[in-house]
Amino acid sequence: MASHYDLAIAGGSFAGLVCARSAALRGLRTLVLERQPAPGARVRTTGILVKEVAERWEVPSRLVRRIRGVRLYSPSLSHIDLDSPGYYFLATDTARLMTWFAREAGQAGAELRFGRAYRGAQPQADAIELLGMDARARFLVGADGPRSAVARDFGLGLNRQFLAGIEGEYVGIRGLDPDRLHCFIDRRLAPGYIGWAFIGVHGIAQVGLASRSPVKPDLDAFMAKLSGIFDLQGARLIGRRGGVIPVGGRVKNWATDRVLLAGDAAGIVSPLTAGGIHTALDSGWRAAHAIADHLMDGAPHPARILGDAYPRFLWKRGLRRLLDAAPPDWLADALISTKPLRVAARTVYFHHRDLMSARAWSDLWKSEPRRRANGG
Ligand SMILES: Cc1cc2nc3c(=O)[nH]c(=O)nc-3n(C[C@H](O)[C@H](O)[C@H](O)COP(=O)(O)OP(=O)(O)OC[C@H]3O[C@@H](n4cnc5c(N)ncnc54)[C@H](O)[C@@H]3O)c2cc1C
């Protein structure tokens, strides 16, 4: 006999696991299908969290390392330091973080099936039948990432604009200030985005870059550039991660009567910073509650509730067009030491969630923190 669920979720990463946890806590019979054999078996993200995530989700401190500020480098490697009192970023042990989210979802009562891919679904009168397994669910959430099969199967919106990102994990890099997220502007190597380097949770350096297609991110070329400022003689590559990041903003159609998308599948990633973990967690949580309200309490369809709650990124989509135009390197070199660039960079790094809020605007006029430029 077929197993019956209230909610089936395709994808057991940030959006899917948080959605599962909240849905199960609300009393929904919840199933997660994840094609990877175990949580975090293959990490594709850099895994940097913003302060708000740590506070809201109470991420265990053993899985993270605080990074207090940003060092932003111009193409010719002049730099400025950017800080915001009380703000920080968190490097994560991303595989273990995923295991922790999975455990939380399991403890809440969700049924997690790892090593089990979503293989399609068939809408029935009162449920969705999951193909290839004897199971039905009243609602289906596609939390299956940037190239969502759920979106494709149900004729929902597809992500069409991507950055491609690649990252190496290294031991033996010296000279990397551990208190800084080192960010590199370079139109040739990382058009449309930046390169980055920082010390992660176990002292392992994470070095990567992302670029707008058709330019492929070239980690070796980036490392060659970094050899001008860090000691890479003893550097040894011990791991790689990477993938695509949707930066076109929320997809147009992200729900039908019994299906909705969350996280990357719905394009809920900042088109400007390409940060998507915070928004994946948030959208998964919101989706769970909207579905529970609908199924259990007769509230309006989740799409009506989430239409306002899922971010649209109007400002950030506009700014993405500017980034895609990739200003010339000489301009970035000329601007790196100027107040307008520092102010703009601080706004992006420290007010990324409420860009153009009153707080962000007031920050524009505040005196700048001490600048430590090496010639910039
Ligand atoms: C190189 C890179 C660096 C990044 N760095 C950061 C960063 O530092 N900070 C940040 O905030 N964001 C970052 N992002 C973005 C961030 O990783 C994503 O926005 C976030 O992971 C989205 O979470 P999600 O749960 O929606 O989707 P994903 O994390 O993509 O998870 C989708 C899950 O669905 C599973 N899946 C896919 N298809 C199926 C199927 N058919 N059946 C079952 N399971 C399936 C996948 O295995 C995966 O586990 C980065 C992205 C990349 C590629």
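Modeller: Two strands pair if DSSP finds at least two bridges between them. A strand is a DSSP run of E with at least two residues, a helix a run of H or I with at least four, both numbered from the N terminus.

Colleague: What kind of model is this, and which confidence limits apply?

Modeller: It is a predicted model: local features need pLDDT of at least 70, side-chain atom pairs count only at pLDDT 80 or more, and totals for chains, interfaces and linings use all residues. Residues are numbered from 1 along each chain as its sequence is written, and side-chain values use heavy atoms, with hydrogens and water left out.

Colleague: Then what makes β14 and β15 a pair?

Modeller: Five bridges join β14 to β15, residues 205-212, and the two run antiparallel. The definition asks for at least two, so they pair. I199 gives one example: A205 is its bridge partner in β15. The two strands form a hairpin with five residues between them. In that turn, G203 has a positive phi of about 80°.

Colleague: How many bridges join β13 to β14?

Modeller: Three, in an antiparallel arrangement, with β13 covering residues 180-184. That also meets the definition, so β13 and β14 pair. H182 stands opposite A197 of β14.

Colleague: What makes you call β14 mostly covered?

Modeller: Buried means under 20% relative accessible area, exposed over 50%, and partly exposed in between, with a 1.4 Å probe and protein chains only. β14 spans residues 195-199, and five of its five residues are buried. In a regular strand the side chains alternate between the two faces of the sheet. Here both faces are covered. G195, A197 and I199 are buried on one side, W196 and F198 on the other.

Colleague: How many residues of β1 are buried?

Modeller: Six of eight, in a strand that runs from residue 3 to 10, and it too is mostly covered.

Colleague: Which strands does β1 pair with, and in what sense?

Modeller: β11 (residues 135-142) is joined to β1 by seven bridges, in parallel. β2 (residues 30-34) pairs with β1 over four bridges, also in the parallel sense. Y5 stands opposite A137 in β11, and A10 stands opposite L33 in β2.

Colleague: Why are β3 and β4 called edge strands?

Modeller: Start with the sheet. It is open, with three strands in the order β3-β7-β4 and antiparallel pairing. β3 (49-50) and β4 (64-67) each have a single partner strand, so one side of each has no neighbour in the sheet. β4 meets β7, residues 89-92, over four bridges in the antiparallel sense. R65 stands opposite A91 of β7.

Colleague: What makes L77 stand out, and why is L77 called buried?

Modeller: L77 is a residue other than glycine, yet its phi is positive, near 75°. Its place is the loop between β5 (69-73) and β6 (79-82). Relative accessibility is 16%, so L77 counts as buried.

Colleague: And what about the phi of F313?

Modeller: It is positive as well, near 60°, again in a residue other than glycine. F313 lies in the loop between α7 and α8 (314-324). At 11% relative accessibility, F313 is buried.

Colleague: How do you know that G307 is buried?

Modeller: Its relative accessibility is 13%, so it falls within the buried class. G307 lies in helix α7, residues 302-309.

Colleague: Why does T94 count as buried, and which polar contact does it make?

Modeller: T94 has 2% relative accessibility, so it is buried. T94 is in helix α3, residues 94-108. The side chains of T94 and T92 are joined by a polar contact of 2.9 Å. Such a contact is a pair of N or O atoms within 3.5 Å; within protein, one must be able to donate a hydrogen and the other to accept it, and residues adjacent in sequence count only if both atoms are side-chain atoms.
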